[in-house]
Amino acid sequence: MTTDNIISGFQSAFGTQSSPLIVRSPGRVNIIGEHTDYNEGFVLPAAIDKAAYLAISFRNDNEIHLFANDMNETFSIGIDDLRPIGDISWPNYILGAIAQFKKRGIALKGFNASLTSDVPIGAGLSSSAAVECAAIYAMDHFFETKLDRITMVKMAQKAEHEYAGVMCGIMDQFASIFGKKDYVIKLDCRSLEYEYVPLNLQGYKVLLLNTNVKHSLASSEYNTRRQECELGVAWIQEYNSQIKSLRDVTIEMLKKYVEPKDQLIYRRCKYVVEEKERLLKGCEELQQGNINALGIRMFQTHEGLSKDYVVSCKELDFLVDAVKNDPAVLGARMMGGGFGGCTINLVKEEAIDDLIEKISKVYTESTGLELTAYVAQIENGTEIIAQ
Ligand code: GAF
């Protein structure tokens with residue numbers, strides 16, 4: 001994506017010669033620690049080289065005019081009428097972000113904004129968080145609010161809750177804003193303390209294999225999982241009021257207080273409690289250079305997500321199974337919320353092309369679908385690239 005293309009797209013969409021402010025905000029991968037963020041556990045994400053770009057400049061009225069370059073769609077609304085809209089989704093990520101400024105009592109002005117993104121939609125790479133973060137960052141600059149980055153992350157997360165209706169955790173927005181080239185972020189989702197860990201993969205690369213499916217269950221089941229975890233916590237709290245979230249829970253507690261009541265809730269909570277530990281050990285292994293061990297844990301994560309947490313789907317399971325016994329693959333698992341999107345794979349660099357060829361063929365034969373593959377580069381987080 002070149003800055004010149006973004007500028008000319010903006011200028012032709014709004015019939016202007018003015019040069020917009022341009023913010024780049026990336027999608028993310030997550031090495032391990034899935035569905036742990038809203039349970040106050042840890043995650044290990046990183047920003048990638050696929051990003052949303054928001055080009056924006058002020059208007060002389062109180063209207064918001066939006067243009068989605070990739071879809072060739074426009075949308076307009078008055079600042080005083082700001083609300084989530086029903087029929088198309090992309091404006092909500094921007095409107096939800098603006099609404100956070102309005103809620104803070106910040107005086108807003110109208111603007112034109114054009115959105116361009118190469119983060120594939122529905123691939124589990126946080127295309128929506130990338131847009132929310134780009135909008136928050138741009139507004140902060142525009143309205144000179146000088147917000148700190150943690151506040152921006154929280155506002156972007158609220159945009160997703162309130163305008164997209166997904167009760168997401170904080171991982172995606174955090175990774176987009178705090179990303180650092182060649183590092184993963186070990187984030188404690190309870191305290192929001194974080195540490196940058198070098199992603200030193202010793203000749204292996206992060207390969208994303210996109211199923212190119214997004215089952216419609218994704219957002220409703222996401223919210224259901226969150227409630228199932230909260231229910232498990234509530235049952236334990238009846239005996240121990242110190243417990244605040246699954247972060248504080250052990251397998252023994254689950255066996256004692258949750259399993260006798262309900263097997264399904266037990267399995268959901270068990271996955272999260274196990275994943276919490278898996279992440280801490282996997283991160284230690286990465287720091288020690290033991291990436292073989294980290295890879296094995298990624299396969300275990302997939303098993304838990306598929307069998308106990310039940311957020312995988314047959315296409316994702318197929319892709320993980322297909323690489324399981326490949327000596328060039330250290331680890332693989334579904335990534336993100338689930339029900340479609342990508343698997344993340346650690347693959348020996350020189351074996352990548354052959355692997356893509358082989359898996360694409362068997363994937364299409366088995367599902368009738370195309371596979372898309374990307375080698376993810378780890379990049380910096382949200383930034384202004386032109387003003
Ligand atoms: C989605 C959510 F947005 C994140 O907060 C996180 O819960 C993830 O699913 C699962 O780990 O990307």
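A pocket, as I use the word here, is an open set of grid points where a 1.4 Å probe fits, with protein on both sides within 12 Å along at least five of seven lines. The model I looked at is predicted.

**Entry: the chain**

I looked up the secondary structure first. The chain has 11 helices and 13 strands. Its radius of gyration is 21 Å, close to the 21 Å that the globule rule gives for 387 residues, so the chain is as compact as a globular protein of that length. I also noted the box that the C-alpha atoms fill, which is roughly 60 × 55 × 40 Å along the principal axes.

**Entry: where the ligand sits**

Which pocket does the ligand take up? I found that its space is the largest pocket.

I then listed the residues around the ligand: R28, E34, H35, D37, Y38, C168, G169, M171, D172, Y222, G336 and G337. I sorted this shell by class and got four nonpolar, four polar and four charged residues.

**Entry: contacts with the ligand**

In the side chain of D37, an N or O atom is 2.5 Å from a ligand oxygen. For D172, a polar side-chain atom lies 2.7 Å from an oxygen atom of the ligand. With G337 the backbone takes part: one of its N or O atoms lies 3.3 Å from a ligand oxygen.

Last, I checked the cover. On its own the ligand has 300 Å² of accessible area, and the protein covers 92% of that.

Definitions and conventions: Residues are numbered from 1 along each chain as its sequence is written. This is a predicted model: local features need pLDDT of at least 70, side-chain atom pairs count only at pLDDT 80 or more; totals for chains, interfaces and linings use all residues. Side-chain values use heavy atoms; hydrogens and water are left out. A residue is near a molecule or strand if one of its heavy atoms lies within 4 Å of it. A polar contact is a pair of N or O atoms within 3.5 Å; within protein, one must be able to donate a hydrogen and the other to accept it, and residues adjacent in sequence count only if both atoms are side-chain atoms. Accessible areas come from the Shrake-Rupley method with a 1.4 Å probe; for residues, only the protein chains shown count as cover. On a 1 Å grid over the protein atoms alone, a cavity is a set of points where a 1.4 Å probe fits but cannot get out, and a pocket is an open set with protein on both sides within 12 Å along at least five of seven lines; lining residues have an atom within 4 Å of a point. A molecule sits in a cavity or pocket if more than half of its atoms lie within 2 Å of its grid points. Ala, Val, Leu, Ile, Met, Phe, Trp, Tyr, Cys and Pro count as nonpolar, Asp, Glu, Lys and Arg as charged, and the others, Gly among them, as polar. Helices (H or I, at least four residues) and strands (E, at least two) are DSSP runs, numbered from the N terminus. The radius of gyration is taken over C-alpha atoms; the globule rule is 2.2 Å times the number of residues to the power 0.38.
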